[in-house]
Amino acid sequence: MAGYTDNEQNVILAEASKLDFDDIMAFGPHYFGCGWMKYKYYNLNYAVALSLIGRLYGDKESKNSDYHKGVVYISDALGISKRQVKILRKKVKHGNGYWFKIPYTTAAIIKKIINKLRETEQEEYVSSFLKKCNSTVYREILIPDQFEAIKAARKGVRQKVLDLADELKDITIKVGDNS
Amino acid sequence: MSNDFDPNSHKNLELFRYYLNRDLQKIESSIQDNHGELLGYFTASLVDIFIVSLFGDNLKCTENILKIMYIAGLIILFFIISCVVNKIARFRRIRRKESGREEYIVDEAKQEMIDSFDNIACDGLLICESYMGKYSLADKPYVRDFYFFEVIHHLTKSTDLFGEIYSHRDLYVSSKKAELIDTYRVNNYIDFARKINEFLNKEMSKYMADTEVKKDIENLNIEIAKWHYVNESGREIDDDKLNRARLK
């Protein structure tokens, strides 16, 4: 995770503990569960990336937050539900712990976010965010723990999960990589 | 080249272990499937018995043709229910494996991962070491390519396993519990994997045209860069700190 201040971390944790109806409704044929752990997890970088996209590409007339504008922008661009875009930002309660609910469209979502960030790498907000991050590889900036969990979920030997893990493995674009 | 076919070489031992393991897994999964089937048959039988006990009296006064239809109906119901129960059992089994929760609640699953570290991840590094030596001695280009690609394959297989252990250190790593992986083994594994990765990066300039090879090495770089040395309780520590302690 990027080097955020304590204050920023507190804001995120407050956000993470908020009840969101979409988190409860993220089940069915579009999702699978993986990465079970005993503790809470919030993917701060992913949320910030969506906010940046919302700020730069979102509906200027909308009164929603940049984060929500970013969610709407990506979901509209891919023709998928907002729930699928949002759910990657945190682990949700399962049993006596927490797990990721991963949409099968994760690779498409990540590719779209990366493309949008790459187009605006020179923008002040984007470049300062990218500099804060621990990795220069976009996949590692956006979904490092989700990717680990998806790789581990290959144990189930289900084709849809194997395909998603392979698709994500191919996303090795780095910040500043223009090829 | 003749030495490459030494029956006790890493590759042959690895192949032996691999086929043995694969066959055992096949047997295990077939036993598990049979478990599911048995559950399906058992449930379907119970439903049939329930129906017979409820409506059996009605048959005493009905025509033979209706009796035959009744029995046929019970047989069809039996197969439908056993099929549905099998599918549900299989679904639950797969989802539990995918969830990552199994290792927290089933001791055998946790032990299986520790055994995989001992027998696959660590062996993988030794195989890589052996192939790196052979790579530099091989004079035929296709033999060198073979060794290079095999190093990528075995290191990837090994790091995939270790990556899971590293990200669940609370579950697998401890210097206090004898059944878990000792922290000095974890640190040594990281050292070893870094050295092999350095070798791949040094030699990869010859394979830059192959995007698949490039991507696989990039993924290895990403994975290995995430790892840091751990202390006695499995917490990440500064790499320099351990190096300094070793030099003392």
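Welcome to this two-chain interface: 22 residues of chain B are in contact (heavy atoms within 4.5 Å) with 30 residues of chain A. This is a predicted model, where local features need pLDDT of at least 70 and side-chain atom pairs count only at pLDDT 80 or more, while totals for chains, interfaces and linings use all residues. Residues are numbered from 1 along each chain as its sequence is written, chains are lettered from A in the order in which they are written, and side-chain values use heavy atoms, leaving out hydrogens and water.

- Chain B and chain A bury about 2200 Å² between them, with 47% given by carbon and sulfur atoms; buried area is the accessible area (1.4 Å probe) lost when two parts are put together, summed over both.
- B:Glu98, B:Arg101 and B:Ile222 supply 27% of the area that chain B buries against chain A, more than any other three residues.

**Charged pairs**
- The rule finds 9 salt bridges across this interface, each a side-chain nitrogen of Lys or Arg within 4 Å of a carboxyl oxygen of Asp or Glu.
- In a salt bridge, the side chains of A:Lys155 and B:Glu103 meet at 2.4 Å, N to O.

**Helices on chain B's side**
- Helix 2 (64–99), helix 3 (102–105), helix 5 (141–167) and helix 8 (211–225) of chain B each supply at least two residues of the side that touches chain A; helices are DSSP runs (H or I, at least four residues) numbered from the N terminus.
- Helix 8 of chain B gives the largest share of that side, 6 residues.
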